[in-house]
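Please look over the sequence and the model shown here.

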Amino acid sequence: MTKYKGKSAAELIGYQQIKTHIIFDIKLGENFRRKARLVADGHLTDTPASITYSSVVSRDSVRVCLMLAALNGLDLQAADIENAYLTAPCREKCYTIVGQEFGDDSGSIFIITKALYGLRSSGAAFRAFLAERLDIMGFKSSIADPDVWLQPGTKPDGEEYYEYILVYVDDILCISYKPKETMGEIQEGFKFKKDKIAPPDFYLGGKVQLKGLNGINIWTITSTDYVKAAVENLEKQLGKKGLELPSAVQPMATGFVPELDNSPELDANYRTTVQELIGILRWAIELGRVDICHEVSILSQFQASPRQGHLEQLYHIFGFLKKNPKLTLYFDPNEPKLDESVFENGSTAKDFKEQYRDAEEELPTHMPKPRGKAVKITAFFDASHGVNKVTRRSHTGVVIFLNRATIIWYSKCKNMVEASILLSEFIALKVCMEYIVALRYKLRMFGVEIDGPANVLGDNLSVVKNSSKIESSLDKKHNALAYHACCWVVAAGIMRVGWIDTNYNIADALTKRLTVAKRNQLFGDWTY
């Protein structure tokens, strides 16, 4: 801030007055370091929505890049920019009247010159300031994810690749053959906390580690520490009420049907508790706890008016996490081994090319030239028809892999009722197709070469055959649109659909309440 030397605030034409306050904190993980920061009451300012953006790289982009690092033999380095927002010029015209904490200047007018924490525009101001530095270094922001920056690189042996910089507010993750050099260039314009550039330990709350598997080094992410902290915090809260978490071998109690629960509705305070617990669990899922994805998805439907039984089942999930705190996702770059016989009754581009003559994958404009090794997409889809006993709505599950790395998982109750198992499974195929199309676009904009069509596997033979027989049809409007959209994508060579036995369809774990043995078998196929 700069002290205003004028006579009164009335002379500051176009400026708005803001209030500020001091926040005190103790950093438990940093030897109880005391911290105080002056922040703005930005919620009281009138700020255009166009300048309130902040850098938040998507989680699937992080997973893609971790897999690419192992695939192309690249290293990772991370750093945290110190007082990030305060490095950037303020985008708003603001002033404040300081208090007694400014000593002799108490009551004076100060103009805000840096992107003060608390201002709505500070995130966008810092991102623009960092973007200038990255642009000078030769990095370009990807259209598919503006917070993934890339530039061409070449290894000493002549192998070409892309180096990536991922930005999550002030956390920087660099993936390159020589990441320390790249991070050093960023450090010329910014100060890193403790001047530290090191392999990532935690990123977005998950613990990141490099582990050996099948003779190669693979990056992994686990939410173990996050889960343990969440469980301990909940246990402390329950302990004050004389309660404790149940011991659970699976996330939801056998026989409990959420939509049929008629226990008392919760009051406003407990309703907030339910929403907070679901938020904690959803972030754990984002960090890799895919084994609770289906159960949390079911309970999320009742956040508006939860009942006592729903809260108890949330405690049950936390009890399961306490008993099973460890689950690790390996971003394995090895190619999957598929039996080509699963596509004998499936669909290929050749089957539909006569009817969908203009079907062709639309390549993005300004797509960077592919570098590095090609990747293969494999996906599983499933639907539980009419599983909700009240609404009779179906539940859809999708899992998508890049080589053998889990990139996307999806579990959701659909918002309409389907007349048959075939229709509900076909809608699930359409959902899977949309995710594949989006992922292929992102990969191309990241400069990644894709090896052929995506292999899509489902356990409903009727869906597989109907997506390969042009004479078949679905009558309802939304079903017909889904049918033709999927067939068009097959004709364009974007995906091919094959059949897999339900015992090996790992998407079942995202649509059904399974036994402990079945859960362990399916999740064991794609987690460690």
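## Salt bridges

The structure holds 24 salt bridges, a salt bridge being a side-chain nitrogen of Lys or Arg within 4 Å of a carboxyl oxygen of Asp or Glu. This is a predicted model, in which local features need pLDDT of at least 70 and side-chain atom pairs count only at pLDDT 80 or more, while totals for chains, interfaces and linings use all residues. Residues are numbered from 1 along each chain as its sequence is written, and side-chain values use heavy atoms, leaving out hydrogens and water.

One of the bridges joins E286 to R63, with the closest N and O atoms 3.2 Å apart. This pair links distant parts of the chain, since E286 is in helix α5 and R63 in helix α1 (residues 59–71), 223 residues apart. Helices here are DSSP runs of H or I with at least four residues, and strands are runs of E with at least two, numbered from the N terminus. R63 is buried at 8% relative accessible area, whereas E286 is partly exposed at 26%; buried means under 20%, exposed over 50% and partly exposed in between, with a 1.4 Å probe and protein chains only.

## Two further pairs

R127 forms a salt bridge with D147, the closest N and O atoms being 3.1 Å apart. R127 lies in helix α2 (residues 122–137) and D147 in the loop between β8 (140–141) and β9 (148–154), so the pair ties together parts 20 residues apart in sequence. Both R127 and D147 are buried.

R307 and E265 also meet through their side chains in a salt bridge (3.7 Å, N to O). R307 is in the loop between α6 (293–300) and α7 (308–323), and E265 is in the loop between α4 and α5, 42 residues apart. R307 is partly exposed at 25% relative accessibility, and E265 is exposed at 52%.

## Helices α4 and α5

The axes of α4 (residues 224–239) and α5 (residues 268–286) come within 10 Å and cross at roughly 165°. Axes are lines fitted to C-alpha atoms, for helices over the stretch in contact, and angles run from 0 to 180 degrees between N-to-C directions. That makes α4 roughly antiparallel to α5, a term for angles over 145 degrees.

The contact (heavy atoms within 4.5 Å) is made by Y226, V227, A230 and L234 of α4 and L277, I280, W283 and A284 of α5.

## Residue T220

T220 lies in strand β14 (residues 216–222) and is buried at 0% relative accessibility. Among the residues that T220 touches are K207, V208, T328 and F331, not counting residues up to four places away in sequence.

Terms used
Parallel < 35°, antiparallel > 145°, perpendicular 65-115°, else oblique.
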